[in-house]
Amino acid sequence: MAVELKILALGALLLFVYIFVAVRFKTAQYGRKWNTSARDETLPPAEPVTGRLIRAQANFEETFPIAIVALLGVVLANRTSSTTALGGWIWLGARVVYLPLYWAGIPVVRTLCWTVSMVGLGMVLWPLLVG
């Protein structure tokens with residue numbers, strides 16, 4: 001199996017982590033009744049940490065489709081290489097680090113971490129763009 005597919009599977013697991021961490025904090029703030037309801041009511045603004053975790057989840061959900069296209073694309077196009085594997089690991093590692101950085105509210109470094117993750121995805125996408 002191509003390492004890029006393993007990275008993609010680990011990315012899917014990481015998405016679960018992002019979702020469950022955010023939901024845990026939303027449930028702590030809004031209650032179990034909210035969590036098990038249809039969630040139709042308007043909620044008060046999220047507390048700072050809860051808001052950061054919601055935004056971190058949204059950010060991952062916005063960028064994960066790019067990772068799916070890149071990682072699956074190089075496998076399907078038979079364009080995998082040590083560079084695409086390294087780029088995938090860079091992306092995944094940076095996304096793992098991104099969550100606690102955002103959780104803690106650490107500015108600048110969080111943005112640099114996101115940038116590193118995008119560089120990793122660029123390394124994966126490149127063979128699909130120049131091939």
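Is arginine 39 buried, partly exposed or exposed? Arginine 39 is partly exposed, at a relative accessible area of 38%; buried means under 20%, exposed over 50% and partly exposed in between, with a 1.4 Å probe and protein chains only. The model is predicted, so that local features need pLDDT of at least 70 and side-chain atom pairs pLDDT 80 or more, while totals for chains, interfaces and linings use all residues. Residues are numbered from 1 along each chain as its sequence is written, and side-chain values use heavy atoms, leaving out hydrogens and water.

**View 1. The whole protein chain.** The chain has 5 helices and 0 strands, where helices (H or I, at least four residues) and strands (E, at least two) are DSSP runs numbered from the N terminus. The C-alpha atoms fill a box of roughly 50 × 30 × 20 Å along the principal axes. Of the 131 residues, 36% are buried. Among contacts (heavy atoms within 4.5 Å) with a separation of 6 or more, 78% join residues 24 or more positions apart.

**View 2. Two loop residues with positive phi.** Arginine 39, in the loop between helix H2 (32-36) and H3, has a phi of about 60 degrees although it is not a glycine. Asparagine 78 lies in the loop between H3 and H4. Its phi is positive too, at about 55 degrees, and asparagine 78 is not a glycine. Asparagine 78 counts as exposed, at 67% relative accessibility.

**View 3. Helix H4 and its ends.** H4 covers residues 82-104 and spans 33 Å from its first C-alpha to its last, close to the 33 Å expected; the expected span is 1.5 Å times one less than the number of residues. At the N-terminal end, serine 81 caps the helix, with a side-chain oxygen 3.2 Å from the backbone nitrogen of threonine 83. Just after H4, glycine 105 takes a positive phi of about 75 degrees.

View 4. The buried residues of H4, including Gly88, Trp91 and Tyr98, pack against helix H1 (3-30), helix H3 (48-76) and helix H5 (109-130). The largest nonpolar core has 26 residues, and Tyr18, Phe60, Phe64, Leu71 and Trp91 have the most contacts inside it. Such a core is a set of buried Ala, Val, Leu, Ile, Met, Phe, Trp, Tyr and Cys residues joined through side-chain atoms within 4.5 Å. H1, H3, H4 and H5 each give two or more residues to this core. Leucine 71 touches Glu4, Ile7, Leu8, Gly88, Trp91 and Val124, not counting residues up to four places away in sequence.

Methods: A polar contact is a pair of N or O atoms within 3.5 Å; within protein, one must be able to donate a hydrogen and the other to accept it, and residues adjacent in sequence count only if both atoms are side-chain atoms.
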